[in-house]
Amino acid sequence: MAVAIELVKQLRELTGAGVKDCRDALEASGGDLEQAAAQLRERGLAAAAKKSGRETLNGVLDIYSHGDGRVGVMVEVNCETDFVARTKEFRTFAHEVALQVAAASPRWVRPEDVPAEVVEEERAEARRQAQAEGKPAAVIEQIIAGRLDKFLAETCLLQQPYIRDEARTLGEMLQEMIATTGENVTVRRFVRWTVGEEDS
């Protein structure tokens with residue numbers, strides 16, 4: 001099946017994948033843009049998993065000030081090579097991470113960064129609330145798991161819905177960046193300050 005170049009361009013803009021990959025995905029999906037995009041994202045996730053162990057010693061710091069200087073954010077986003085670190089796409093991604101931190105106030109980068117005692121406190125509070133509401137013992141564990149997932153989605157940067165498109169998480173955007181650059185990319189750390197707030 002011959003695929004229109006306009007469709008290939010659309011898919012490329014949507015996913016950031018290469019022209020050949022976009023054409024192949026569109027041919028395999030019979031020209032269905034959404035199905036082709038899903039297929040490319042799936043492939044990107046597989047590729048990202050293979051790259052996850054590779055060292056990321058290059059990258060950028062992005063500094064963002066919001067609200068007439070009332071909120072300040074600094075993020076460090078890393079990649080494997082200086083070549084990728086200097087690309088517009090990589091720098092744009094780092095800036096989007098900084099905007100996310102400013103807008104959504106995460107506390108940690110990823111769920112595994114959350115201290116065990118905080119997770120236990122959340123579990124205990126969820127259990128206490130479920131019992132106080134008279135929930136049956138059989139469903140309390142499911143309620144606890146659901147509330148813990150919600151807590152992590154609110155407080156962990158890579159679990160948060162992306163501020164410009166809530167259908168995607170920042171973690172999914174990171175996977176797409178890995179697929180686009182062909183390198184391992186990591187969000188190493190961030191700090192967020194608000195005028196008048198005490199350091200925690």
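What share of the 200 residues of the protein chain counts as buried? The share is 36%, where buried means under 20% relative accessible area, exposed over 50% and partly exposed in between (1.4 Å probe, protein chains only). This is a predicted model, in which local features need pLDDT of at least 70 and side-chain atom pairs count only at pLDDT 80 or more, while totals for chains, interfaces and linings use all residues. Residues are numbered from 1 along each chain as its sequence is written, and side-chain values use heavy atoms, with hydrogens and water left out.

**View 1. The protein chain as a whole.** The protein chain has eight helices and five strands; helices (H or I, at least four residues) and strands (E, at least two) are DSSP runs, numbered from the N terminus. Their order along the sequence is α-α-α-β-β-α-α-α-α-β-β-α-β. Along the principal axes, the C-alpha atoms fill a box of roughly 60 × 45 × 35 Å. Of the contacts (heavy atoms within 4.5 Å) between residues at least 6 apart in sequence, 58% join residues at least 24 apart.

View 2. Helix H5 covers residues 88-104, and its end C-alpha atoms lie 24 Å apart. Buried residues of H5 include Phe 90, Phe 93, Leu 99 and Val 101. Among the elements covering the buried residues of H5 are strand E1 (58-66), strand E2 (71-79) and helix H8 (170-181). Just after H5, Ser 105 has a positive phi of about 45 degrees.

**View 3. Ala 102 in helix H5.** Ala 102 belongs to helix H5 and counts as buried because its relative accessibility is 7%. Beyond its neighbours within four places in sequence, Ala 102 is in contact with Tyr 64, Val 71, Val 73 and Arg 192.

**View 4. Helices H6 and H7.** Helix H6 (residues 116-132) packs against helix H7 (residues 137-155) at an angle of about 130 degrees, with the axes 9 Å apart. Axes are lines fitted to C-alpha atoms, for helices over the stretch in contact, and angles run from 0 to 180 degrees between N-to-C directions. H6 is therefore oblique to H7: angles under 35 degrees count as roughly parallel, over 145 as roughly antiparallel, 65 to 115 as roughly perpendicular and the rest as oblique. Residues making the contact include Val 119 and Ala 126 of H6 and Ile 144 and Phe 151 of H7.

Note on methods: Expected span 1.5 Å × (residues − 1).
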